[in-house]
Each structure stands twice: as C-alpha cells, then as structure tokens.
Amino acid sequence: MFKEIFLRTFPGFLIIRDSNYRIIFINDNLKNLIKSYMQDNPLGMTNIEIAKKLPDNIAKFFTDSHNIQLDWEKNYPYDKISNWILEFKKDTTSYWDVLEYKVDVDEKTYIITMANDITKLYEENKRNLHYSITDPLTGAYNRKYLNDRFDIFIGDYIVLIDLDNFKMINDYEGHNVGDKILCDFVSLLNKELINSTSIIRLGGDEFIVIFSSDVDKNYVYSQLEALRENFLKVFSKYKYLSFSYGVDTVKRNLKLTIVELDKKMYKNKEKNKKKFDKNDY
C-alpha cells in the first residue's frame, strides 16, 4: 500500500530504467508531461529516444539527464549516488534537483531517477549569492567576490583605482553627495572600460578592475587614460577630484598583489597630484 501511495503521490518526476537505460516505470507527473507532446508510450524507450520526439526545450531536459549520467558512470563506481541540478525550460525556466542511483534486484540492475522542482530555493540561493558578493551602494562586486574568485584571475591584469581628494567631498558636500559620486563612478567604469571582466569596490573610494590577459597591457593603460578624459567631464563640478591607478598582473597571493598595486598607485598619485586652495572649493 505504501509503495503504491509513494509512486502515485511523488511530487516530482520518478523514473525506473533497466541496465540498458530503457524505462520500465514512470510516474504520472512525468507521464502526463510526455503525453502532452507525443502519443507514444514511453515504456521501453530511452531518454534519447524520447527526446527525439519532443520540442527542443523539453528534449534538452532528457538528453542532459542522460549525458550527465554517462559522465558520472565514467568517473565513479556504479553504486554511487549521483546528484545534480538541471535547468528545465518549458513556459518558464525551472530548476530541478536530480538524484539517481542503481540497485540490484534478483540479479538485475535498475536505475532509479528522482527529480524535484527546486526553482524557488534555487532562485533564493542565487539572490543570496548575488547580495553576498555585491556592494549594496554601487552595485559593483565586493571584496568577498575578489577573495572567492581570486584564483580565477591569476595572470590577468588588475588595476587598483583610488579617488583622489574624495574625503573633501564627504567633509564639505556631505555623505549623500559622496555616495552619489561613488555610484556615478562605477557607472562610468562600466560604460568606459567595456573590455574589463570585473569591477570591484575594494572599500571606501578604492576600486579594483580586472582585465583578461588576452588584452595587451598597453590597451589597459589606454583605456584608463580614456577613462580619465571622461571622468573630468562627468565630474567637472569638482575640479580637485581625480583618480590615481596602479596596474599589475594578478599574482598567486592576494595580499602581495594588493601591496604591489598600492605602490604603483601611489607613484601615479604623486605624479598626478594637484595643488588647490580649499577656499576655491
């Protein structure tokens, strides 16, 4: 009785296949989905055979499940449990947690696959991840993003940008104006540095920009100087406001990379330093 209740009421998709990947049982939820697209009885068919009779977006769910399973079997013993998340595009996009394992019954091997719709949880996790790696003020990535993905950037060009005299904004204009300038600056970075891969607010008025190692180093410098020209136009109201930068390649040690960048940025700051009278503010 309980077996029948489970098979009938399982909220997701449930499939049992033989060792040749042919379906010998399918629950009503999945049976009704397939039936809405084809008239053939899915029993005795493989995922690939079913996929050939379905629209491309529906078929992908079946072929992906089959291919992932084969990849799993190449790398793990057959008695391991495999688990993955599949994207399912129907009227809207949903995400499914797929669990698969093999069992031996009466000297025959069967493959049991269960899939549950986890779209709400998946989307919530995506939002939480986005918030955890994003600066809430400017929308740029934050330091956690840099820390978590630093290994990926090794060998790429990295730029440290510091807004010169930014403290004057907060002291004389107020933090609301300062916050707007930070947001506008990030917008400018996104607009002007079109070939950068990541823009990160390191903290305060310091920013990190990553360029792929595929670009030329001289190109990075030319992008930054072009940025300076537009910076002066956008923030022309604040004659004393400028920025300094340091350029290097990403080393294997984050702290060492930042220290070296800092040195180069301060050399640039000294070179670009302007004298101004506070009374002209």
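**Rings, core and sheet**

Modeller: Start here: the charged end of Arg 228 sits over the ring of Phe 243, 4.4 Å from its centre. The rule for that is NZ of Lys or CZ of Arg within 6 Å of the ring centre and within 35 degrees of the ring normal.

Biologist: And what are the ground rules for the model?

Modeller: It is a predicted model: local features need pLDDT of at least 70, side-chain atom pairs count only at pLDDT 80 or more, and totals for chains, interfaces and linings use all residues. Residues are numbered from 1 along each chain as its sequence is written, and side-chain values use heavy atoms, with hydrogens and water left out.

Biologist: Which rings are in a cluster with Phe 243?

Modeller: Ring pairs link Phe 243 with Phe 185, Phe 207, Tyr 221, Phe 231, Phe 235 and Tyr 245. Rings of Phe, Tyr and Trp (its six-membered ring) pair if their centres lie within 6.5 Å; planes under 30 degrees apart are stacked, over 60 edge-to-face, the rest tilted.

Biologist: How many aromatic pairs does that rule give?

Modeller: The count comes to 17. One of them, Phe 61 with Phe 62, is edge-to-face, at 6.1 Å centre to centre and 80° between the planes. Tyr 145 and Phe 153 make a tilted pair, 6.2 Å centre to centre with 45° between the planes.

Biologist: Tyr 145 and Phe 153, buried or exposed?

Modeller: Both are buried. Buried is under 20% relative accessible area, exposed over 50%, partly exposed in between (1.4 Å probe, protein chains only).

Biologist: Now the core. Which residues touch the most other members of the largest nonpolar one?

Modeller: Val 159, Ile 161 and Phe 185, out of 31 residues. A nonpolar core is a set of buried Ala, Val, Leu, Ile, Met, Phe, Trp, Tyr and Cys residues joined through side-chain atoms within 4.5 Å.

Biologist: Which element gives the largest share?

Modeller: α8, with 6 residues. Helices (H or I, at least four residues) and strands (E, at least two) are DSSP runs, numbered from the N terminus.

Biologist: What does Phe 185 touch?

Modeller: Ile 161, Leu 163, Phe 207, Phe 231, Phe 235 and Phe 243, leaving out residues up to four places away in sequence. Contact is heavy atoms within 4.5 Å. There is also a second, separate core of 22 residues, including Trp 84 and Leu 86.

Biologist: Switching to the sheet. What's the strand order?

Modeller: β7-β8-β6-β9, an open sheet of 4 strands with antiparallel pairing. Two strands pair if DSSP finds at least two bridges between them. β7 and β9 are at the edges with a single partner strand each, so one side of each has no neighbour in the sheet.

Biologist: How buried is β7?

Modeller: Mostly covered: 6 of its 8 residues are buried. In its hairpin with β8, 2 residues lie between the strands, and Gly 204 takes a positive phi near 60°.

Biologist: Where does α10 lie?

Modeller: Across β6, β7, β8 and β9, at about 140° to β9. Axes are lines fitted to C-alpha atoms, for helices over the stretch in contact, and angles run from 0 to 180 degrees between N-to-C directions.

Biologist: Last one. Why does Gln 223 count as buried?

Modeller: Because its relative accessibility is 13%. Gln 223 is found in helix α9.
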